[in-house]
Amino acid sequence: MPGGRLPHLRLAEGPGAASTLDLVGSGFTLLTPAPDAAAAAGLPVIPRPVPVDAPRWARLSGVPATGAVLVRPDGHLAWRAPHPPADAAALLGVLRRILSAAGAAPPRR
């Protein structure tokens with residue numbers, strides 16, 4: 001669920017990473033089986049494939065194996081969807097919504 005922590009799941013394979021938590025970097029991280037949307041646009045997102053057990057990943061992340069999870073640098077989920085963004089523009093729209101909501105003033109009481 002967005003706002004929750006990225007679930008820990010051991011990776012089946014990966015370049016020096018032992019779990020999903022090791023995939024998170026200093027910027028936003030897009031975990032998806034199709035990481036090309038972010039890479040092509042030079043967006044401030046680190047695209048990472050998720051080499052994990054698909055049924056467990058689906059259960060823990062709340063998205064199917066074909067889905068996408070955007071993780072904040074602090075390891076919390078920012079966004080998730082059943083399919084990766086269609087292109088860089090769609091991913092940029094997601095980032096804008098997230099970042100504009102994060103900078104919004106709290107409601108007055």
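These exercises walk through a predicted model of one protein.

**Exercise 1. The overall layout**

Task: State how many helices and strands the protein has, and in what order the elements run.

Solution: 
- Step 1. Count the elements. The protein has three helices and four strands.
- Step 2. The order is β-α-β-α-β-β-α.
- Step 3. The protein has 109 residues, and 38% of them are buried. Its accessible surface is about 6300 Å², and carbon and sulfur atoms hold 58% of that.
- Step 4. Look at contacts between residues at least 6 apart in sequence. Of these, 51% join residues at least 24 apart.

**Exercise 2. Strand pairing around β3**

Task: Find which strands pair with β3 and in what sense.

Solution: 
- Step 1. Take β1. It pairs with β3 in the antiparallel sense, over three bridges. In one of the pairings, T29 has V71 of β3 as its bridge partner.
- Step 2. Take β4. It also pairs with β3 in the antiparallel sense, here over four bridges. V69 has R80 of β4 as its bridge partner.
- Step 3. Look at the link. The hairpin of β3 and β4 has five residues between the strands. In this hairpin, G75 takes a positive phi near 85°.

**Exercise 3. The largest nonpolar core**

Task: List the residues of the largest nonpolar core and find which element gives the most to this core.

Solution: 
- Step 1. List the members. The twelve residues are F28, L30, V45, A68, L70, A78, W79, A81, L91, V94, L95 and I98.
- Step 2. Assign elements. Those giving two or more residues are β1 (28-31), β3 (68-71), β4 (77-81) and α3 (88-102).
- Step 3. Pick the top contributor. That is α3, with four residues.
- Step 4. Look beyond this core. Another core lies apart from it, with ten residues, among them L9, L23, W57 and V69.
- Step 5. In soluble globular proteins, nonpolar side chains tend to be buried together.

**Exercise 4. W79 and V94**

Task: Work out how W79 and V94 sit within the fold, and whether each is buried or exposed.

Solution: 
- Step 1. Locate them. W79 is in strand β4, and V94 is in helix α3.
- Step 2. Apply the cut-off. Buried means under 20% relative accessible area. W79 has 17%, so it counts as buried. V94 has 4%, so it is buried too.
- Step 3. Check contacts, leaving out residues up to four places away in sequence. V94 touches L70 and W79. W79 touches V94 and other residues, including P2, P85 and R97.

**Exercise 5. The salt bridge**

Task: Find how many salt bridges there are and which side chains take part.

Solution: 
- Step 1. Count. There is one salt bridge.
- Step 2. Name the partners. The side chains of D74 and R72 meet at 2.7 Å, N to O.
- Step 3. Side chains of opposite charge can pair when their charged atoms come close.
- Step 4. D74 is partly exposed at 38% relative accessible area. R72 is partly exposed at 29%.

Note on methods
Residues are numbered from 1 along each chain as its sequence is written. This is a predicted model: local features need pLDDT of at least 70, side-chain atom pairs count only at pLDDT 80 or more; totals for chains, interfaces and linings use all residues. Side-chain values use heavy atoms; hydrogens and water are left out. Buried means under 20% relative accessible area, exposed over 50%, partly exposed in between (1.4 Å probe, protein chains only). Contact means heavy atoms within 4.5 Å. Accessible areas come from the Shrake-Rupley method with a 1.4 Å probe; for residues, only the protein chains shown count as cover. A salt bridge is a side-chain nitrogen of Lys or Arg within 4 Å of a carboxyl oxygen of Asp or Glu. A nonpolar core is a set of buried Ala, Val, Leu, Ile, Met, Phe, Trp, Tyr and Cys residues joined through side-chain atoms within 4.5 Å. Two strands pair if DSSP finds at least two bridges between them.
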